[in-house]
Protein chains: 2
Amino acid sequence: MREESVTRRRFLQSVGATGGAGALFATMGALGLAPAHATAPDFRAPQRSDFHLTGRAARKVVILGGGIAGLAAAYELGKAGYDCTILEARAVTGGRNFTVRGGTTHTDLDGHTQKAGYSPGTYLNAGPARIAQWMVTLDYCRELGVPIQPFVNTNADALIYNEATGTPVRFRTAKADVYGYVSELLAKATDQGALDGRITAEDKARLLSFLEGFGAIGSAHQYTGTSRRGFTSYPGAGDDAGTPLPGPAALSDVFASNVGRYFTFEFGYDQAMMMFQPVGGMDRIAAALTTAVGGHRVRLGAEVLDVTGRAGDVTVTYQRGGRVHTLVADFCVATLPPHLMARIPHNLGADVTAALGAFPAAASGKIGLEYRSRWWETDLRIYGGITETDMDLAHVWYPSHDFHARRGLIVGYYNTGAAARAYGVLTPDERTARAVAQGVKIHGEKYRTELAAAFSIAWHRTPYLEGAWTSPPWTSASYRLLLQPAGRVYFAGDWLSHEVAWQHGAFVSARAAVTALHQRVLAT
Amino acid sequence: MREESVTRRRFLQSVGATGGAGALFATMGALGLAPAHATAPDFRAPQRSDFHLTGRAARKVVILGGGIAGLAAAYELGKAGYDCTILEARAVTGGRNFTVRGGTTHTDLDGHTQKAGYSPGTYLNAGPARIAQWMVTLDYCRELGVPIQPFVNTNADALIYNEATGTPVRFRTAKADVYGYVSELLAKATDQGALDGRITAEDKARLLSFLEGFGAIGSAHQYTGTSRRGFTSYPGAGDDAGTPLPGPAALSDVFASNVGRYFTFEFGYDQAMMMFQPVGGMDRIAAALTTAVGGHRVRLGAEVLDVTGRAGDVTVTYQRGGRVHTLVADFCVATLPPHLMARIPHNLGADVTAALGAFPAAASGKIGLEYRSRWWETDLRIYGGITETDMDLAHVWYPSHDFHARRGLIVGYYNTGAAARAYGVLTPDERTARAVAQGVKIHGEKYRTELAAAFSIAWHRTPYLEGAWTSPPWTSASYRLLLQPAGRVYFAGDWLSHEVAWQHGAFVSARAAVTALHQRVLAT
């Protein structure tokens, strides 16, 4: 890209198309790997050399919001020498990328103040907590030197708990029984000619071969249990072939238990294992971005009061430490949650305000329960993963790191909508009591007696966020309007992407805004 | 157990029954958790206080073989003060628990010598490489302070490669298609009355509800693809909803590809995720056991020549450093591979020799390919896991640790039987060339050009082991004979358990031998 002969047009065409992924994809296609290949959208960061080519200078940019989108925008613009300033209302960068440790304090909109009493090394990823392999978030971890480790999103030994039955069952057992009976039904129907005329005899033979293995139904096409269900006592020495779990239950009981509704989560393109987390807390990403951007470029505790765009610049007024400040920049990248941005006075037009108001904010809550012992590992042999329930705590997460350590943190609820609001209206102590009472039903009294500390968050009641995520009106004029700059103000955030509630969405949206802004600077 | 009133009879009854697991199980049962509970067989290690109770003294024990069974026997007996000596013919303890690092040298029975050229930090677990959550191996990791980390045994983004088609497909894609078509077939058969009379109307409704989610077939009961298959380009910013993979292929093609045969591996009670590995190499377990036993109790390079049992002791003759030594002990625990033990002269009876000879040794091989870059992470977005093939390399393992590091090690083949023998007869360089040529078909030329170093093992051609594992004749008189001591000689090893080829089997067998030996010492 340093060749003098590169014209501006050719250069602009190449922006966003010369990244490694594009070149790679061509290679992979030739190998027949294209169908199996996966890539994040193409992106080429602005570079200092871009300005050498055009004779233009980098500009000054004010960024509203120091969450992942704002940090990523500043980071990528900074590579080309843009002079960025981030205004962040909270006391830390990261936004919903928020990791709670011992000593973290938090006051919600209802005036409840918590100070986390976690031990050193214990933390709760209160916001995003997992990263899929294809997500660009991992590229930032690699680029920024943030070490990663597996996040256990699926574990065959985690439990399914239906309050009506009151007896937890392991995923491995539930899956074996459901797959067994489903295979039996289809195999028998096939044997009796139900698929005749629909598929060929060869297909039928292959289907039956698959079902015999998949359901462990053997050539008799009858499900009578399988070692996949697990054991009361696992195989041992000498003549000890193990004690299989009693069962299986009858087909009707297995279907009635409705355990199968939890199986598909692990098939999701965004949730299938392997998943990852940064070592030491999700906020290691925000911290690394902040360091890369430069702490002096970030103004914490800065609450935006007004945004005024003009032909040649943008003026942002904000208050910080009780004083009002004004900042004039060439451009603005606004990454605040849309429903909050809609409330901030500006001169960008009523249509912009209306569009920002078209993004509904979702409720969600999480609690982190620190335990004095890792009884789920020693007693239940559950090393990470998620137990699913039909109670309003929804999920219980076992920790994916520090296996065999003395202490550990369980996510005692992670819920949304009505369940999140039901927990959110409670005081922090009441939330803990409710979560523990529900958890005792699954895990027994240790869930109460071993508890050391708790910290909960209700994102919809959290200042400067007031929501966990949004459901963007993707097909609306409102959504499309905000994909364009309002004069010199660009919008970015996971809410302007197709990966809402994922950091990937914030990153790719920031990249899109940065690309558009940079192309404009170079072209005009 | 320190109460003076404990009688010997009561004490002996309590051996093996007072462990934490037993007490726990009773508690869990009361909570209705018993069916979901899993535990290793009960075990209570001998303790110094046992002898205080009986007035007896600990004895001298010679242990043949410093693999996991031998080390575990010495470790557990050592807790009660037994004076143990381990005789190990190889240059390191661990047996098949063997981790290859830069500088590791290995000469096989065919005279091929390799010296591993791996970089610092790179290693190959040439033998056991994964641990299931329920396995007692994890208890030893916890007790010995060996840190563990997840082993990626299943990854939705790993590949399935059939040589006939020549195009790898990701597990997530293959699963989505097979589950989709299977669900469609059963749902349509159900709709058309094929299950009438077999299950109730309520069951049918529940089955259909399950299938609609499981197969992503919707209420039309037609599989037309799903985002679970994955994307060519994943969803991004603004209007970029991602580019789904082309497909799905027709039902007949999906069944013909036979990808479904690989799905059940992850259901196995011994292979289902989560799985674990020690941080830094599987030999950290052997090293920790060796340290706990005491290095002075381990004689490396000691080849057993003869075992002679008498009424009051056992004499073992061995050669070490060109000299012949004799060791007399109260008891012997023989943990050598049975087919090798059968060759050692002894006076334990012809029936013992015959029984030892009834265990066939299996062939298996593995190669560790170190790469200069982690192209499988950056290019293919595969972070750990196993690619399955129908070539004789069988499996390709991507590393489960040091994600995003500069280099990494791929297991380029892990095969058994004829495939292992086919690789085993080659020179190490020929094995590498063959494995790489096969791997290039799946991964492209980087599989060759990025290769930095290789090391391979053929367990069936490895001195003092001559096999990867055995298929014990569990129901035979031979097997039962060796579960009893031959005079003062006890046998132990994974080959005397129902978890052959797993360290769990070696541990529980050692525990059984130790328990029997200790009870005898206390009782006589």
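**Close-up views of a predicted two-chain model**

**Figure 1. The salt bridge between domain 1 and domain 2 of chain A.** In this predicted model, one salt bridge is found across the interface of domain 1 of chain A and domain 2 of chain A. A:E143 and A:K79 form a salt bridge in which the closest N and O atoms are 2.7 Å apart. Side chains of opposite charge can pair when their charged atoms come close. Eight residue pairs, both members at pLDDT 80 or more, are in polar contact across the interface of these two domains of chain A.

Figure 2. Chain A is divided into domain 1 (48-94 + 284-360 + 469-523), domain 2 (99-158 + 272-281 + 361-461) and domain 3 (170-257). The size of an interface is often given as the accessible area lost when the parts come together. Here domain 1 of chain A and domain 2 of chain A bury about 1900 Å² between them, with 66% of it on carbon and sulfur atoms. Within domain 1 of chain A, the residues that lose the most area to domain 2 of chain A are A:R284, A:W469 and A:W502, which together account for 34% of what that side buries.

**Figure 3. The interface of chain A and chain B.** In this view, 106 residues of chain A are in contact with 107 residues of chain B. The two chains bury about 9100 Å² between them, 65% of it on carbon and sulfur atoms. Two salt bridges are found across the interface of chain A and chain B. B:D139 forms a salt bridge with A:R381, and the closest N and O atoms are 2.6 Å apart. Helix 6 (residues 171-191) of chain A gives the largest share of the side of chain A that touches chain B, namely eight residues.

**Figure 4. The relation between the two copies.** Chain A is superposed on chain B by a rotation of 180° with 0.0 Å of shift along its axis (RMSD 0.0 Å). The two copies are thus related as by a two-fold rotation axis. Of the interface residues of chain A, 100% are also interface residues in chain B, so the copies meet through the same surface.

**Figure 5. Positions annotated in UniProt.** An unreviewed UniProt entry places the feature "domain: Amine oxidase" at residues 68-517 of chain A. Over residues 68-517, chain A is 31% helix and 23% strand, and the end C-alpha atoms are 18 Å apart. The UniProt annotation "binding site", also from an unreviewed entry, covers A:E88, A:A89, A:G127, A:P128, A:A129, A:R130 and A:V304. These residues are spread over 217 residues of sequence and also in space, up to 30.4 Å between C-alpha atoms. A:A89 is located in the loop between strand 2 (83-88) and strand 3 (99-101) of chain A.

**Figure 6. A salt bridge between a loop and helix 6 of chain A.** The structure holds 51 salt bridges over all chains. In one of them, the side chains of A:D157 and A:R172 meet at 2.7 Å, N to O. A:D157 lies in the loop between strand 8 (148-151) and strand 9 (159-161) of chain A, whereas A:R172 lies in helix 6 of chain A, 15 residues apart.

Definitions and conventions
Residues are numbered from 1 along each chain as its sequence is written. Chains are lettered from A and ligands numbered from 1 in the order in which they are written. This is a predicted model: local features need pLDDT of at least 70, side-chain atom pairs count only at pLDDT 80 or more; totals for chains, interfaces and linings use all residues. Side-chain values use heavy atoms; hydrogens and water are left out. Copies are superposed by least squares on the C-alpha atoms of residues with pLDDT of at least 70 in both. Contact means heavy atoms within 4.5 Å. UniProt positions are given in the numbering used here, feature names are shortened, and annotations may be inferred rather than shown by experiment. Helices (H or I, at least four residues) and strands (E, at least two) are DSSP runs, numbered from the N terminus. Domain bounds come from an automatic or database domain assignment. Buried area is the accessible area (1.4 Å probe) that two parts lose on being put together, summed over both. A salt bridge is a side-chain nitrogen of Lys or Arg within 4 Å of a carboxyl oxygen of Asp or Glu. A polar contact is a pair of N or O atoms within 3.5 Å; within protein, one must be able to donate a hydrogen and the other to accept it, and residues adjacent in sequence count only if both atoms are side-chain atoms.
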